Amino acid sequence: MPVSTNIARIESSADLTPEVLKKLNEYLGTLDPREIIEWAIDHLPNLHQTTALGLTGLVSLDIINKISIDRDQQHLIPLIFLDTLYHFDETIELVHRCEETYDVKFNIYRPTNAETAKEFEAEHGERLWETDEATYDFLVKVEPAQRAYEQHQVKSVITGRRRSQKGDRGEIPVLEVDSTGLIKLNPLAFWDFKQVWTYIRANEVPYNSLVDQGYRSIGDWHSTKKPASEEDERSGRWSGKEKTECGMHQDYFKMRAAFVAAKKKKEQQRQATVAAASTRSPAAPIAVASSS
């Protein structure tokens, strides 16, 4: 009997023991992306899609739209878009195009206390991704995502990761649980770029116009180039670095601890600088009144 008929609706990640996850992944691995997403809609708790509107995420978005129409319902899975403030203009334009095409609104989250890159830089300095990349990732992606999940009580998310993207994604399962207890569904885990692109074109899915210029994986403008290899579509991300992820799919608690430590160190350095400047400053001269 298939696992899907044996398991009731999942209430939380606590229901997904290693044994259950193993069996579910064996079952889900036999399904196509639409069947996986339909299973998730029927079984996973408070499911959302977090997407930067890469090609894989757009396929999932389109599939969800088709399922919603077939079930005669509004878009069944709420959407979260993380505006880092450093996206290409083409990416922001795509957000609006998808909202119109699919008649759905994105829940948009930005870094705390910043609506523009100028406001962000006023507090954190210019080109933070060069001076403190880990802090940058935490501030523009990790913290806003965690805030979104808390505010919407998200328990499960659909991601756009695929094994063919290599790096840390090379062995991802369809269903997993991260360090925070968040359930992650990777419905296109076993698809390659050709399958994704074929679906996009065949179904007239809106996509980022930068793809037509040769881009494949598109993130912030400062960390995105055209791929160095057609076989490695993410080779244009963080070019020249060993880095393959922005932090969204890394250990949240480690990233938060590193951020807190870096923030503390920065404050200690600031205080030391102030104290040193105070020690070097000459005493102010005492004014002497002249006698007439």
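H48 counts as buried, because its relative accessibility is 3%, where buried means under 20% relative accessible area, exposed means over 50%, and partly exposed lies in between, all computed with a 1.4 Å probe on protein chains only. The model is a predicted one, in which local features need pLDDT of at least 70 and side-chain atom pairs count only at pLDDT 80 or more, while totals for chains, interfaces and linings use all residues. Residues are numbered from 1 along each chain as its sequence is written, and side-chain values use heavy atoms, with hydrogens and water left out.

H48 is found in strand β1, and helices (H or I, at least four residues) and strands (E, at least two) are here DSSP runs, numbered from the N terminus. Not counting residues up to four places away in sequence, H48 touches I77, P78, I80, H152, V154, S156, V157 and I158, a contact being heavy atoms within 4.5 Å. The side chain of H48 also reaches the backbone oxygen of N46, at 3.4 Å. In a regular strand the side chains alternate between the two faces of the sheet. In β1 both faces are covered, with L47 and Q49 buried on one side and H48 and T50 buried on the other.

From β1 we can follow the pairing of strands, where two strands pair if DSSP finds at least two bridges between them. Strand β1 runs parallel to β4, to which three bridges join it, and the bridge partner of H48 in β4 is V157. Two bridges join β1 to β2, again in parallel, with L79 in β2 as the bridge partner of Q49. Strand β2 (residues 79-82) is in turn joined by four bridges to β3, which runs parallel to it, and there F81 stands opposite I108.

Taken together, six strands form an open sheet with mixed pairing, in the order β3-β2-β1-β4-β6-β5. Because β3 (106-109) and β5 (175-177) stand at the edges and each have a single partner strand, one side of each is left without a neighbour in the sheet. Neighbouring strands of this sheet are turned by 30° against each other on average, direction ignored.

What lies across the sheet? Helix α4 (residues 55-70) lies across β1 (47-50), β2 and β4 (156-158), and runs at about 140° to β1, where axes are lines fitted to C-alpha atoms, for helices over the stretch in contact, and angles run from 0 to 180 degrees between N-to-C directions.

In soluble globular proteins, nonpolar side chains tend to be buried together. The largest nonpolar core here has 51 residues, and those with the most contacts inside it are W39, L44, L58 and L175; such a core is a set of buried Ala, Val, Leu, Ile, Met, Phe, Trp, Tyr and Cys residues joined through side-chain atoms within 4.5 Å. Helix α4 gives the largest share of this core, seven residues. Leaving aside its neighbours within four places in sequence, L58 is in contact with L53, L94, C98, I200, V205, P206 and Y207.

Finally, consider the whole chain, whose secondary structure comes to ten helices and six strands. Of its 292 residues, 45% are buried, and among contacts between residues at least 6 apart in sequence, 70% join residues at least 24 apart.

Technical notes. Polar contact = N/O pair within 3.5 Å; in protein donor to acceptor, adjacent residues only side chain to side chain.
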